[in-house]
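Here are my notes after a look through the model, as numbered points. Have the structure open while you read.

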Amino acid sequence: MGAIVGNILMGLAQVLDMVLWLYMWAIIIHALLSFVRPDPYNAIVRFLNQITDPVLLWLRRRIPTTFGGLDFSPLIVILAINFLQWALVKNLRHLALKFGATF
């Protein structure tokens with residue numbers, strides 16, 4: 001029974017790590033596209049805006065993120081994602097190994 005729980009936790013850690021990694025890349029691409037002013041009706045640009053704007057706008061409303069004309073909210077979100085990967089994903093993997101997860 002312990003190995004089953006461990007494997008479930010390991011799978012959860014892997015999926016969470018992948019989702020955080022993909023979201024980090026979405027934030028990076030969104031930030032890079034902001035420098036070139038892409039067509040706002042492009043399906044890819046709209047998708048990126050739909051998945052990144054809620055987090056970025058939430059952060060911008062809570063703390064000042066613009067300094068010298070540059071918006072640092074993507075950098076803050078990337079740092080938060082890295083923190084979650086270190087704190088949450090690593091601890092889930094460690095807990096999974098304690099439960100006897102197998103690879």
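1. Helices here are DSSP runs of H or I, at least four residues, numbered from the N terminus.

2. Bear in mind that this is a predicted model: local features need pLDDT of at least 70, side-chain atom pairs count only at pLDDT 80 or more, and totals for chains, interfaces and linings use all residues. Residues are numbered from 1 along each chain as its sequence is written, and side-chain values use heavy atoms, with hydrogens and water left out.

3. Where does α2 kink? At Thr52, by about 45°, shortly before the proline Pro54; the bend is the angle between axes fitted to the seven residues ending at a residue and the seven starting there.

4. Now His30, which lies in helix α1. His30 counts as buried because its relative accessible area is 13%. Its side chain makes a polar contact of 3.3 Å with that of Thr52 (a pair of N or O atoms within 3.5 Å, one able to donate a hydrogen and the other to accept it; residues adjacent in sequence count only if both atoms are side-chain atoms). Leaving aside neighbours within four places in sequence, His30 is in contact (heavy atoms within 4.5 Å) with residues including Leu48, Asp53 and Leu56.

Notes. Helices (H or I, at least four residues) and strands (E, at least two) are DSSP runs, numbered from the N terminus. Buried means under 20% relative accessible area, exposed over 50%, partly exposed in between (1.4 Å probe, protein chains only).
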